[in-house]
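Student: I am new to this structure and would like a close look at a single part. Please start with one residue and its surroundings, and then show me what lies around them.

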Amino acid sequence: YDLAFIDGLHTNRQLIQDFLGIRPFLAPSPVVICHDVGLFGLWPGILQGLRALKMAGIRASYRVFEGQAARNRLGTGFYYWDSEAE
């Protein structure tokens, strides 16, 4: 998949399980959106996902975005990487 959206149980453990569960099915350059990261304090899970990707030799980033018309109060953001560029 080129795009995945994780909106699960809202715990760090479940976030990383969901992320690792979809990882084998992702395209080489995907975007993985994670919902409610800020609202539920899921930053440790996000960092764990980045570490897992780094251990797999993938240099990934995670970004939180702000809209022009509305603030991102839930902390929704996304992982992205380009495995083919590595």
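Tutor: Y62 is buried, with a relative accessible area of 12%. Here buried means under 20% relative accessible area, exposed means over 50%, and partly exposed is in between, using a 1.4 Å probe and protein chains only. Keep in mind that this is a predicted model: local features need pLDDT of at least 70, side-chain atom pairs count only at pLDDT 80 or more, and totals for chains, interfaces and linings use all residues. Residues are numbered from 1 along each chain as its sequence is written, and side-chain values use heavy atoms, with hydrogens and water left out.

Let's turn to the rings. A pair of aromatic rings is described by the distance of the centres and the angle of the planes. Rings of Phe, Tyr and Trp (the six-membered ring for Trp) pair if their centres lie within 6.5 Å; planes under 30 degrees apart count as stacked, over 60 as edge-to-face, and the rest as tilted. That rule gives six aromatic pairs in total. In one of them, Y62 and Y79 have ring centres 5.1 Å apart and planes at 75 degrees, so this pair is edge-to-face. The pair joins distant parts of the chain, with Y62 in strand β3 and Y79 in strand β4, 17 residues apart. Helices (H or I, at least four residues) and strands (E, at least two) are DSSP runs numbered from the N terminus. Y79 is buried too, because its relative accessibility is 0%.

F65 and F78 make another aromatic pair, this one tilted, at 6.1 Å centre to centre and 35 degrees between the planes. Here, too, distant parts of the chain are linked: F65 is in the loop between β3 and β4, F78 is in strand β4, and 13 residues separate them. F65 counts as partly exposed because its relative accessibility is 41%. F78 is also partly exposed, at 23% relative accessible area. Returning to Y62, we find this residue in a cluster that ring pairs build from F19, W43, Y62, Y79 and W81.

Next comes a neighbour of Y62 and F65. T76 is in contact (heavy atoms within 4.5 Å) with I33, C34, H35, D36, Y62, V64 and F65, leaving aside neighbours within four places in sequence. You will find T76 in the loop between β3 (61–64) and β4 (77–80). With a relative accessible area of 8%, T76 is buried. A polar atom of the T76 side chain lies 3.4 Å from the backbone nitrogen of D36.

That brings us to D36, in the loop between β2 and α2. D36 counts as buried because its relative accessibility is 6%. The backbone here has a feature to look for: D36 has a positive phi of about 65 degrees although it is not a glycine. Not counting residues up to four places away in sequence, D36 touches D7, H10, L42, L74 and T76.

One residue on that list, H10, also has a positive phi of about 65 degrees without being a glycine. H10 sits in the loop between β1 (3–6) and α1 (12–22). This residue is partly exposed, with a relative accessible area of 23%.

Follow the chain past strand β4 and you reach D82, in the segment after β4. D82 is partly exposed, at 34% relative accessible area. Not counting residues up to four places away in sequence, D82 touches P28 and S29. With S29 there is a side-chain to side-chain polar contact at 2.7 Å. A polar contact is a pair of N or O atoms within 3.5 Å; within protein, one must be able to donate a hydrogen and the other to accept it, and residues adjacent in sequence count only if both atoms are side-chain atoms. To place D82 against the chain, note that its C-alpha atom is 10.0 Å from that of S61, 21 residues apart along the sequence.

K54 counts as exposed because its relative accessibility is 67%. The C-alpha atoms of K54 and R13 are separated by 19 Å, and the two residues are 41 residues apart along the chain.
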